[in-house]
Amino acid sequence: MKKSGSATDSLWYKDAVIYELHVRAFQDSNGDGIGDFPGLISRLDYLQDLGVTCLWLLPFFPSPLRDDGYDIANYTDVNPSYGSLDDFKRFLAAAHQRNMQVLIELVINHTSDQHPWFKASRLAPPGSPERNFYVWSHTDQLYKSVPIIFSDTEKSNWTWDETAGAYYWHRFFSHQPDLNFDNPAVFEEVLKAMRFWLDLGVDGFRLDAIPYLIERDGTTCDNLPETHAIIKRIRAAIDEGYSNRFLLAEANTWPTDVRPYFGNGDECHMAFHFPLMPRIYMALRQEDRMPITEIMAQTPPIPDCCQWGLFLRNHDELTLEMVTSDERDYMYFAYSADPRMRINVGIRRRLAPLVDNNRRRIELLNSLLFSFPGTPILYYGDEIGMGDNIYLGDRNGVRTPMQWNPDRNAGFSTAVPSRLYFPVIMDPTFGYQAVNVETQLSEPSSLLHWTRNMIALRKLFHVFGRGTLEFLSPENRKVLAYIRHYDPHSDSREQTEAARVRDVTSPGNETVLCVANLSRFAQPVSLDLSEFAGMQPVEMLGYVPFPIITSQPYPLTLAPYSFFWLELQGAPEARQE
């Protein structure tokens, strides 16, 4: 029986706070050292109390697990290590009962080489329907201009298969052959898998590696028109049969190149803003707002029904593909002194270690995440400042067990420690005895309580998820200042400045001034807020009124790595014509 999604607002994803987690990393219920769905269900109250509204699950499908589950061997079942399909259904119902939506992965660029489709394909004769499920060639000279993504481990995007007597194409690891979307049968199988999960009530899909669906010789095989045609058909199938669901595009490219993935509001509802992430860290290290303001200036408007997805860290490396060579060298120098912290074209570290476990910097970065235009995505454990293990291979150093308490195995599992899928963090600074949920719940000043309060505050205001953005330009470049404004009566994201000022007193309007000090030293700043003269800024965390704005420059002093969120209340003075 087809079940409806849990959201009632078609634009619910604009106001969401997404929490990314891996089932195997969150809670083990049966003592086998691997997290599972029953364990995750037991921790839903914690996530509800944290305030997150959407849970993004990394792949939980049957898989050889050579790429953390992104090598899928069956699209319509659950890996037995994580439980059963019935366990997933119980989890989904329990999340929906707590008003939390569920986002899962739709990995359709490639499968595992253990998928029955590929096993049949390599045994089938050339030209047969089974063979054509994947991209095969008698030569490895096609698509020569296509870059290799995992340059650390792969030397070619083609791999020879002795059984098939041919080369197969893969944009990722050699054990992940690419599906052939020029074959209509492949698209139909993808729709079947998608509808399977939608019928269960899943609220959305993250489209993994979506730019690489189609191959054409003489191109880089990225962002091709035929790829967008496929996405439009996927979106149309969702809109036709389901309500209040959404698609999140993973397209690691420049904002202008990501823009087509929104289409005219008929492709993906959301897309990650990858280039913003490294520039936030760059601005913090350089104590200069320019990296942030420049990339935001290059970010084009998107359709009203669409949204950017924002994150500070996630399950992959901090990717440095969308920076210049000089900027990449600078980021390596600033944030990965040990070469073991680097992988592919990025840095494999969690948020807290990246900023030397500096509480002020963690809070400052999260203030930007929660107040920039878009939907914030938290990575599990970052709400307590978890660390990483750079001695684990690949990107597994940021995928260690969740740290619940100071007991054995951090409260994650009752298994003997040697049975855990990965060891828990045990160093003196980030080890589970020092950093865990139980301890931070008992400390009112902990990072966990601070994060919970910030999420609750953000959820009170539509302006953060739906409002416009205008940067201010004070002389002090160590200070980042911007106005967020939301007019619920406007149909356009692009309100003129005059309209914004004129409408600030309309019912339901929200205007917020955000000011952030990127420096390790205290900084003064004078802001031109003359258009808001007569209004009173109210600091939103403590609800403290600040002096009323006049036509004169508005002075503020910020402590090191501090920030203000100031709601502008009251009416501006009438202007002289």
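This is a predicted model: local features need pLDDT of at least 70, side-chain atom pairs count only at pLDDT 80 or more; totals for chains, interfaces and linings use all residues.
Residues are numbered from 1 along each chain as its sequence is written, and side-chain values use heavy atoms, with hydrogens and water left out.

Aromatic pairs were assigned to rings of Phe, Tyr and Trp (its six-membered ring) whose centres lie within 6.5 Å, with planes under 30 degrees apart counted as stacked, over 60 as edge-to-face and the rest as tilted. The count by this rule comes to 47 aromatic pairs. One of them is the edge-to-face pair of Tyr19 and Phe26, at 6.0 Å centre to centre with 75° between the planes. Tyr19 counts as buried because its relative accessibility is 0%, and Phe26 is likewise buried at 0%.

Phe464 forms a tilted pair with Trp565, at 4.8 Å centre to centre and 35° between the planes. This pair links distant parts of the chain, as Phe464 lies in helix 16 (residues 463–466) and Trp565 in strand 22 (residues 563–569), 101 residues apart; helices (H or I, at least four residues) and strands (E, at least two) are DSSP runs numbered from the N terminus. Trp565 is also buried, at 2% relative accessibility.

A single aromatic cluster is formed by Phe37, Phe60, Phe61, Phe88, Phe91, Phe196 and Trp197.

Methods. Buried means under 20% relative accessible area, exposed over 50%, partly exposed in between (1.4 Å probe, protein chains only).
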